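Student: Hi, could we go through this structure together, slowly? I would like to know what the terms mean as we go.

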Amino acid sequence: MLILALETSCDETSAAVLEFQPISDKFQLLSNVVSSQVKIHSAWGGVVPNLAAREHLKNILPIIEKSTEEAKTNLEKIDLFCITQGPGLIPALLIGTNAAKTLSYYYQKPLLGIHHIEGHIYANFLKNNKNGSLNRHAFPILNLVVSGGHTQLILMKNHLDYQIIGQTQDDAAGEAFDKVAKILNLGYPGGPIVSKKAEEAKKIIANNKEFSQLEFPRPMIKSGNSDFSFSGLKTAVLYFFKELENQNLDEEKMENWKKVICKAFQDAVIDVLAQKTLKEVKKRNPKTVLLSGGVAANKELRKQLEKEIKKERSEVNFSCPELNFCGDNAAMIAVAGLARFKKLSKEKKLNQLKTNWRDLEANSNLQIN
Ligand code: KG4
Ligand code: ZN
């Protein structure tokens with residue numbers, strides 16, 4: 001069985017082909033083409049929805065063609081089309097959904113709409129050697145999803161069964177990284193730059209005591225629930241930086257301070273994420289903890305979270321996607337689509353074919369369920 005998935009919810013245009021072998025119950029990723037628009041949006045300091053849509057429109061057909069070519073197949077052979085239905089930027093989502101609906105109608109094959117966060121979670125079922133299985137992780141699974149738009153703790157007792165047990169009350173973790181980078185004039189997207197500077201700060205702090213004192217607040221760390229808040233932390237960075245700017249420091253010192261700020265900020269984010277996740281590990285006794293979303297590419301977060309979990313519960317399996325599956329990509333949508341398709345009855349599979357190309361609508365506020 002061949003699945004073609006598309007993802008256009010934000011600033012990546014992506015198409016992937018996944019092959020599922022029912023006999024072995026395993027799947028193989030045949031292609032995953034991702035075209036990033038980062039260069040275009042960085043000039044604006046963030047994603048501009050209409051610009052993103054224009055680029056998706058330009059790219060979507062060549063990307064689909066490339067994905068089938070790389071998979072050594074063609075569109076006639078695809079058995080199921082999957083598309084990110086939401087949440088995301090509506091002009092961007094519309095390009096992908098319309099392309100997928102057209103393919104489903106033209107080739108008379110079923111179409112499934114997938115929740116973007118469901119996709120991020122299912123990226124964990126892929127392996128870099130491209131083989132995967134939906135049996136890869138044991139339930140119950142506690143998910144920490146950290147992206148540019150979401151920060152959530154989601155408990156799964158089984159496939160496609162989601163219970164949101166905590167989420168951010170304001171900014172998402174990735175959004176906070178992006179905003180801190182903007183405050184410090186480091187460019188867009190912030191996550192990779194801030195984490196690089198944070199790494200460089202280690203040496204500076206080791207060599208100079210002056211820098212070792214900086215610590216930012218850990219918002220809501222003792223709130224008693226599993227919700228998050230990152231907007232106050234970003235404001236703390238803003239005030240601290242403004243204070244520095246008033247001191248007319250020389251260029252080298254300012255650059256060093258920026259790195260130290262990045263580390264102190266990242267430490268605070270990681271501390272809150274790890275402590276909140278740990279609290280739920282103790283309370284819910286999951287067999288597996290999965291990290292996912294764009295911020296899951298943060299090496300320090302991966303390391304710290306695993307260390308904390310293993311220290312508390314050595315029997316819990318911890319996993320995160322390979323780095324190339326952390327950010328937005330269509331492979332994760334294909335895996336989630338496979339999980340959904342496998343659960344449908346024969347009748348529903350046919351229904352999906354008859355109606356979804358007509359009824360499916362992009363939804364920027366789609367809820368996970
Ligand atoms: O999942 P994603 O690609 O898109 C959304 O669904 O939002 O996540 C993008 C976010 C951005 O905010 C970006 O700054 C952040 O992930 N990010 C990182 C790192 N790499 C990307 N944040 C922290 N550390 C990183 N290494
Ligand atoms: Zn995402």
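Tutor: Let us begin with a definition: a residue is buried when it has under 20% relative accessible area, exposed when it has over 50%, and partly exposed in between, using a 1.4 Å probe and protein chains only. This is a predicted model, in which local features need pLDDT of at least 70 and side-chain atom pairs count only at pLDDT 80 or more, while totals for chains, interfaces and linings use all residues. Residues are numbered from 1 along each chain as its sequence is written, chains are lettered from A and ligands numbered from 1 in the order in which they are written, and side-chain values use heavy atoms, with hydrogens and water left out.

Student: Okay, so is H116 buried or exposed?

Tutor: H116 is buried, because its relative accessible area is 7%. Its place is in helix α4, residues 116-122, where helices (H or I, at least four residues) and strands (E, at least two) are DSSP runs numbered from the N terminus.

Student: And what does H116 touch?

Tutor: Leaving out residues up to four places away in sequence, H116 touches E7, S9, T84, G86, P87, D328 and M332, with contact meaning heavy atoms within 4.5 Å.

Student: Switching to the sheet, what is the order of its strands?

Tutor: The open sheet has five strands in the order β9-β8-β7-β10-β11, with mixed pairing, and two strands pair if DSSP finds at least two bridges between them. At the edges are β9 (163-167) and β11 (317-319), each of which pairs on one side only.

Student: Which way do β8 and β9 run?

Tutor: They run antiparallel, and four bridges join β8 (residues 151-156) to β9; in this pair, I154 stands opposite I164 of β9. By contrast, β7 and β10 pair in the parallel sense over five bridges, and β10 and β11 pair in the parallel sense over three bridges.

Student: Why is β10 called largely enclosed?

Tutor: Five of the five residues of β10 are buried, so the strand is largely enclosed by the rest of the structure. Both of its faces are covered, with T288, L290 and S292 buried on one side and V289 and L291 buried on the other.

Student: What about helices α5 and α8, how do they cross?

Tutor: The axes of α5 (residues 173-183) and α8 come within 11 Å and cross at roughly 170°; axes are lines fitted to C-alpha atoms, for helices over the stretch in contact, and angles run from 0 to 180 degrees between N-to-C directions. The two helices are therefore roughly antiparallel to each other, since angles under 35 degrees count as roughly parallel, over 145 as roughly antiparallel, 65 to 115 as roughly perpendicular and the rest as oblique. The contact is made by A173, A176, F177 and V180 of α5 together with F265, Q266 and V269 of α8.

Student: One more topic: where does α2 bend?

Tutor: Helix α2 bends by about 40° at N59, and a proline, P62, follows within four residues; the bend at a residue is the angle between axes fitted to the seven residues ending there and the seven starting there.

Student: And I63, which helix is it in?

Tutor: I63 lies in α2 and is buried, with a relative accessible area of 8%. The C-alpha atoms of I63 and T13 are separated by 7.5 Å, although these residues are 50 residues apart along the chain.
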